[in-house]
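Biologist: Could you please show me the structure, so that we can go through it together?

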Amino acid sequence: MFESKAGIILIAGLFMFALAFVVMGLLPWLIYLDKPEQTMEDLVAGGVTAEFVDLAERFPAQFKEHFPDGVTRGSYASALERGRDIYVAEGCWHCHSQQVRPVSNEDLRFGPVSHAREYHNVLQRPVLFGTRRVGPDLIREAARRSNDWHVAHFFDPVLVSPTSVMPTYPWLYDDEDYPNRDGMSLIAYVQWLGSWLPEYPYFQGEGPMGPTERSGDEVALARESEGS
Ligand code: HEC
C-alpha cells in the first residue's frame, strides 16, 4: 500500500479526517461535557430586554392581546421561543449568519467576536450559525436598531433600506398593520441576539459605544416591579 502514491494519499486523507473529528467533534464535546446547556429559564433569569418593554409600551393593546400576562419573564420566554421558530421557518438563516468570526476585522463591523458558550443554549438548537451572508450577521443585532425600525423593516425592507433585497413579511402584521404575535416575537428575538454581552447595548445611538452603565435588564425589571 505504501508503495503507491494513492496509498499514501488515502492514509493522509484518513488521518486528516480523524484529526478533524477529534478537533471539531471530540474536543468540544469533552470541554462542554460537564457544562449543562442553558435552559429557557436560565436565559430569561436576568430579566427581559428594554426592547421587549418598549414593544409593550408602543403597542399596549396589541401586546396585551398577544401576551396577556404583560411584561414578565414567562411572556418573554414564549416570545423568544416563537421568534426563534419563525426565524427558522422563514429561512432567515439562508441570508443571515449568527456568528462574528475572529477574521477580517469582523468585530469592527458587527461587534465582539463570538464565543462558544454563547451557543450552549436551547435557542441555538439547531445552531443558527448560517452559511451565507446575503444580509449582515445578526448575533449582535440587539439594540442596534429601534423596534420602530424593525417594524418598518419586516413590513417592507426598502422603506428603511432602499437597496435591500430582503423579502417583505406582511404576514407578521395584523389587519391594521400592527405587528401581530409572530411579528412581535420575531422582533423580541432579534433584539435579544447579543443582549447577554456586557457591552450591550453596543450599537445604541450612533455606533459602537462599548461598556455602558445602562442595562436593559435593570430598566425592564424596574418597570416590571412598578407594575407596568
Ligand atoms: C434574500 C435574503 C434575505 C432573507 C431571506 C432575509 N434577509 Fe434580512 N437582510 C437581508 C439583506 C440584504 C439585508 C441588508 C439590507 C437591509 O437592511 O434590508 C438584511 C437586513 C436585515 C436586518 C437588519 C440588520 C442591520 O441591523 O443592519 C435584520 C434584523 C434582518 N435582515 C433580519 C431578517 C430576518 C429575521 C429574516 C427572516 C424573517 C430575514 N432577515 C430574511 C437579506 C435577507
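Modeller: Of the protein's 228 residues, 29% count as buried (20 or more other C-beta atoms, placed from the backbone, within 10 Å of a residue's own; exposed means 12 or fewer, and partly exposed lies in between). This is a predicted model, in which local features need pLDDT of at least 70 and side-chain atom pairs count only at pLDDT 80 or more, while totals for chains, interfaces and linings use all residues. Residues are numbered from 1 along each chain as its sequence is written.

Biologist: How many helices and strands are there in the protein?

Modeller: The protein has nine helices and zero strands, taken as DSSP runs numbered from the N terminus (helices: H or I, at least four residues; strands: E, at least two).

Biologist: Which residues are buried in α5?

Modeller: The buried residues of α5 are Ser 75, Tyr 76, Ala 79, Leu 80, Gly 83, Arg 84 and Tyr 87. They lie on the same side of α5 because they cover an arc of only 165 degrees around the axis (taken from the directions from the helix axis to the C-beta atoms).

Biologist: And what does the face turned away from that buried side carry?

Modeller: That face of α5 carries the exposed residues Val 88 and Ala 89. Just after α5, Gly 91 takes a positive phi of about 70 degrees.

Biologist: Changing topic, which residues come nearest to the ligand?

Modeller: Cys 92, Cys 95, Gly 135, Ser 161 and Ser 164 come nearest, of the 23 residues around the ligand, where a residue is near if its C-beta atom, placed from the backbone, lies within 6 Å.
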